[in-house]
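Please consider the following report on the aromatic pairs, salt bridges, nonpolar core and loops of one model.

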Amino acid sequence: MAFWVSFLPDAHRTLRPDGIWLHDIPYWSNALSGQVGRAKGELLVKFDPRDVSRIFVQHPDGRFLEARARPLNFPAIGLREWKQGRKALGGKGRRERNDEQITKTALTQRKLIDEAIAKTAAARRAPIKTKNGMRRISAR
């Protein structure tokens, strides 16, 4: 796991009593509770942009610990989906912080994209009708 984590993008964050905040998402791990108030400076945090439901925090002894998003029902969504969900809600005039609403918006957008991909694939497989009523199979 340490090998895989070494390739992930990183950030430095302070361990606060309410956890570590990254991308406006709170994260917590019980293994870090002993370091609250003791950790000097910022800790190295690695994250996977494809799944922001968890991060990897470097413990002061050098090993990486997994920390999960504090809302336990936080889905495995990508960083881009999270940001687009926040932007979509911000465009509707909703500036208050509501993780559940942001994740619902992100999952709804994912569903719309998946449906559009399925419709496009079905349209490409379907035969093309010409003006004289004859069917022609697409050249693809």
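Phe 3 is exposed, with a relative accessible area of 64%; exposed means over 50% relative accessible area, buried under 20% and partly exposed in between, for a 1.4 Å probe and protein chains only. The model is predicted, and local features need pLDDT of at least 70, side-chain atom pairs count only at pLDDT 80 or more, and totals for chains, interfaces and linings use all residues. Residues are numbered from 1 along each chain as its sequence is written, and side-chain values use heavy atoms, with hydrogens and water left out.

**Aromatic pairs**

A pair of aromatic rings is described by the distance of the centres and the angle of the planes. Rings of Phe, Tyr and Trp (its six-membered ring) pair if their centres lie within 6.5 Å; planes under 30 degrees apart count as stacked, over 60 as edge-to-face and the rest as tilted. By this rule there are three aromatic pairs. In one of them, the ring centres of Phe 3 and Phe 7 are 5.0 Å apart and the planes stand at 85°, so the pair is edge-to-face. Phe 7 is likewise classed as exposed, at 60% relative accessibility. Trp 4 and Phe 56 also form an edge-to-face pair, with 5.6 Å from centre to centre and 90° between the planes. This pair links distant parts of the chain, 52 residues apart: Trp 4 is in helix H1 (residues 2-5) and Phe 56 in strand E5. Helices (H or I, at least four residues) and strands (E, at least two) are DSSP runs, numbered from the N terminus. Trp 4 is partly exposed at 33% relative accessibility, whereas Phe 56 is buried at 0%.

**Salt bridges**

A salt bridge is a side-chain nitrogen of Lys or Arg within 4 Å of a carboxyl oxygen of Asp or Glu. The whole structure holds eight salt bridges, including those tabulated here.

| Salt bridge | N to O distance |
|---|---|
| Arg 86 and Asp 24 | 3.9 Å |
| Arg 50 and Asp 48 | 3.1 Å |
| Glu 66 and Arg 68 | 2.9 Å |

Glu 66 is partly exposed at 31% relative accessibility, and Arg 68 is partly exposed at 43%. Salt bridges with shared partners join Arg 54, Glu 66 and Arg 68 into one network.

Arg 86 forms its salt bridge with Asp 24, and the pair links distant parts of the chain, with Arg 86 in helix H2 and Asp 24 in the loop between E2 and E3, 62 residues apart. Arg 86 is partly exposed at 36% relative accessible area, and Asp 24 is partly exposed at 34%. Asp 24 has a positive phi of about 65° although it is not a glycine. His 23, which lies in the loop between E2 and E3, has a positive phi of about 60° and is not a glycine. Most residues other than glycine have a negative phi.

**Nonpolar core**

A nonpolar core is a set of buried Ala, Val, Leu, Ile, Met, Phe, Trp, Tyr and Cys residues joined through side-chain atoms within 4.5 Å. The largest has 23 residues, of which Tyr 27, Val 52, Ile 55 and Val 57 touch the most other members. Elements giving two or more residues to this core include strand E5 (51-58), helix H2 (79-91) and helix H3 (99-125). Leaving aside neighbours within four places in sequence, Val 52 has contacts (heavy atoms within 4.5 Å) that include Ile 25, Tyr 27, Phe 74 and Trp 82.
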